Amino acid sequence: MTSKLMMSQVDDNEMDTRFEDNKEIQDKSESNPTIESTTASEQGAVDSSNKETTDEKKQSSFLDKYLSSSETEDDVTENKEEEEKQVERKPEKKKVKKKTNTPKSEKQFTPRKPSMKWKNLRLVVGDDSDEEVKETNKPQPKSKQNRKESRSNKQNLQSRRSTLFRIPSEPAESSTESEEEDDRNGNQVATVITLCALTDFNLTQEMTQMAIRDVNGLTVLVNILRTDHENCQIGALKVLQQLTISSIYNRRAVIKMGGVQILIDLITDAPKEVQSLAAANLANMAKSSVGRNILKKHGGLQTLVSLLNYEERQPTGRKLSGNGSPGQLGADLEVARNAALALWSCSKSTRSRSAIFNAGSVPMLARLITMDKDEFLVPIVGLVQECAVETRFRQAFYKEKMIAAIVRRLLTDNEELQGYCANAIFKCAVDEQTRKAVYDCGGLNTLVSLLSRHDNKKLLAAVTGAIWKCAISDYNVKKLMEMKVLEILVNLLQNEEEEEDLPEQVQLHIVGAIGEIAKNPKAPLEILRCKGCKTLVDILNIPNEELTGTAARAIAACAANSSCRAVFNRLEGLRLLWSLMKSRNNQVVSGGAWAVYRLMQDTPEAWETARSFVGGLDLTVRLLKSADLEVLTSACAVISVVACDWENLGVITDYEVVPHLAKLTHKTDIILRRHLAEAIAMCSKWGNNAKRFSQEGAVERMVEYLGSHDIIVQRSAMRALEQLGKHPDSCITMHRSGVVKLLLEMIGSEDAALQEAAAGCLLNMRQLAMANERARYQKETNNDLEVDTDSVQQN
């Protein structure tokens, strides 16, 4: 009795495992009654022939596997008897057909033989109909059971029937069209709930993103955007925004799926909330160059610019509760904010900036920047400062009077907005009109007050950069000197109180500002008082070429004062600066050369030091071969002071300095002509250099320089002609070029140095003329004497 009950329990478990294999056959029998009848008859015949063998085999194998640990002695004896009977019978082996790969459509029509134990347990597969119960169930031998056991078995059978889950292979004919549509479109409520659940995770974490990618979640999210369900689109856009905000891989995957084109369609014609989120997603996609190109190709930039015009744009999606309502205006502002955010990401590209400018974005930005919402203004000012690198944008900003609005925003409490405003001034202050506007609006006071924000390095870099560019103008320098900004900048640069070093970007801007302010005659002494000279020399040891080049220019500006120049020479600044001239960066080379030029002026000790540098003079002459105009100008300036020493002049002459200088005389730059003429004047003092300059055609060029409107060029050219005039051929060339009239005019000039040089040039020409006159007179006298002697001899 107990063994049979245990067998029934095992059969119940086996039924659950076998049920999945037979549900396809039963469903097929429901849809095709003819096949059901034939299969039933065939199954009956097969069951009758193989009932005993199959039953015994199944029972023995199943019980051996699961009931080996719980068998009683009676059960063991019964199993032994059954095994002996199976050995005696030895049923014939049936031929087993080889399995062939048949399509699924054919497999579903070939019925499989159900297990006999399913029929013994009187279970029904599929619908619980009485006909199927009669056909599948056969009368079983009655077993003695108590009422309680029979009731429990019936209850278990009913519960098992109720919990059977059947998935039909084909949709039922009675299903309605609405159900079919739900099957195709999916469950919107479940989709929205799933998307809301996803937002509870940290979607910016790498592990979360990997898990979503493993299940093709990005593909699902992009496909949701193609639907017409607004709530689903909003949820998918929110999830995608978090997934693509920092992951390059996710951005590339979404772009390959055509996500950018879908987002462009959404910002073109969709409800405001969808437009806003789509623009925010485009801001992430535009961080990739591929995304920017697709956005520009499909007209997305023009659409984004049109979204900035929130006042005139009419709603294209859902109808709101009235035009001009607070909710509608807030939605419009959010759309404009995210559109500006997307344009900000696109403005990294030069071509994208051109498209943004041509779309008429500047007037809209000028209207938006006057608003009082700091969080809304961050992407607006960010876009402005990014586009300010181009001249046409800067001019348009000035015409729209945006500089005054940007200066006013410096007074806000939002440090991020303050940083972007200061950075916009830093980039726009390249133009004189912007610097004047900042001065008129009182922006310098605000900028200097922001220098106390030591903890915010990004803001400090923007503020120091704005002060640097504003200091280009003299009126701003005077204002900054009144506020004692030099002391603040030097203290920041020394960074004695802070434990962390200043970022190199901040140091660069501070050094640049010091270099511009040092052009004021009073500034070098103020820098010397604050011990800024040593700080500038120490910066030359930093392995940052841009920073060292700017520091060299600041030293050149400070070295105009003799006291500062002496301090720099004591600190071995000349050696460090000369090493900068070996750099491959033209800005660094020119900055170092200008500083060397300033330190060597009126300093004979520096002339001797320059000669002691190995390859120093040769390096200076080789710089005359450069194609950079500023490098050429600074090299000529260095040669003009190096040649003051007689031995240095002989060395550079051996390095063929004369032909290199003569080749530069055709340049038209005023600053270059100043130092080039001075270098020719100094080099003409050595040996036959004046004759070589005359042969190279430098005399005619110097005569042309006299016609310049720059007094310094005239003075330098006159000095060169004074030295070149010591050679007779040069005087003849100058006389033929009509220089006498110019010399007579310049003798009456108010410039003393020009008067002296013109007088010296005339002296050379007069001495040559007198020498010629004496030679001619001597020659005539000799001729007369010869005639007289001949006549005397004849007589």
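User: What share of the contacts between residues at least 6 apart in sequence join residues at least 24 apart?

Analyst: Contact means heavy atoms within 4.5 Å. Among contacts in the protein between residues at least 6 apart in sequence, 75% join residues at least 24 apart. Note that this is a predicted model, where local features need pLDDT of at least 70 and side-chain atom pairs count only at pLDDT 80 or more, while totals for chains, interfaces and linings use all residues. Residues are numbered from 1 along each chain as its sequence is written, and side-chain values use heavy atoms, with hydrogens and water left out.

User: How many helices and strands are there in the protein?

Analyst: Helices (H or I, at least four residues) and strands (E, at least two) are DSSP runs, numbered from the N terminus. The protein has 48 helices and zero strands.

User: What percentage of the residues is buried?

Analyst: Buried means under 20% relative accessible area, exposed over 50%, and partly exposed in between (1.4 Å probe, protein chains only). Of the 795 residues in the protein, 46% are buried.

User: Why is H36 described as largely enclosed by the rest of the structure?

Analyst: Eleven of its 14 residues are buried, so H36 is largely enclosed. Among the buried residues are Trp594, Tyr597 and Leu599. Gly591 and Gly592 are buried too.

User: What covers the buried residues of H36?

Analyst: The cover includes H33, helix H34 (562-570), helix H35 (573-580), H37, helix H39 (629-642) and H42.

User: Take H33 next. What span should its residues have?

Analyst: Helix H33 (residues 545-558) should span 20 Å, because its 14 residues are counted at 1.5 Å a residue. Its end C-alpha atoms are 20 Å apart, which agrees.

User: How many residues of H33 are buried?

Analyst: Eleven of its 14, so H33 is mostly covered. The buried residues include Leu547, Ile555 and Cys558.

User: How do I read a helix pair? Start with H42 and H45.

Analyst: Axes are lines fitted to C-alpha atoms, for helices over the stretch in contact, and angles run from 0 to 180 degrees between N-to-C directions. Helix H42 (residues 670-683) and helix H45 (residues 711-724) pack at about 25°, with axes 8 Å apart. Angles under 35 degrees count as roughly parallel, over 145 as roughly antiparallel, 65 to 115 as roughly perpendicular and the rest as oblique. H42 and H45 are therefore roughly parallel to each other.

User: Which residues meet there?

Analyst: From H42 they include Ile670, Arg673 and Ala677. From H45 they include Ile712, Val713 and Ala717. By class, the contact of H42 with H45 has nine nonpolar, two polar and four charged residues. Here Ala, Val, Leu, Ile, Met, Phe, Trp, Tyr, Cys and Pro count as nonpolar, Asp, Glu, Lys and Arg as charged, and the others, Gly among them, as polar.

User: At what angle do H44 and H45 pack?

Analyst: Helix H44 (residues 698-705) and H45 pack at about 145°, with their axes 8 Å apart. Val699, Met702, Val703 and Tyr705 in H44 meet residues of H45 that include Val713, Leu721 and Leu724. The contact of H44 with H45 divides into nine nonpolar, one polar and no charged residues.

User: Now single residues. Is Cys683 buried or exposed?

Analyst: Cys683 lies in helix H42. Cys683 is buried, with a relative accessible area of 0%. Leaving aside neighbours within four places in sequence, its contacts include Ile639, Leu661 and Phe693. The C-alpha atoms of Cys683 and Leu661 are separated by 9.5 Å, and the two residues are 22 residues apart along the chain.

User: Where is Trp607, and which residues does it touch?

Analyst: Trp607 is in helix H37 (residues 604-612). Trp607 counts as buried, at 16% relative accessibility. Not counting residues up to four places away in sequence, Trp607 touches Met600, Asp602, Val641, Cys644, Asp645 and Asn648.

User: Which value of phi does Lys531 have?

Analyst: Phi of Lys531 is near 60°, a positive value in a residue other than glycine. Lys531 sits in the loop between helix H31 (523-529) and helix H32 (532-539). At 63% relative accessibility, Lys531 counts as exposed.

User: What about Glu656?

Analyst: Glu656 has a positive phi of about 60° although it is not a glycine. Glu656 lies in the loop between helix H40 (646-654) and helix H41 (657-663). At 37% relative accessibility, Glu656 counts as partly exposed.

Notes: The expected span of a helix is 1.5 Å times one less than its number of residues.
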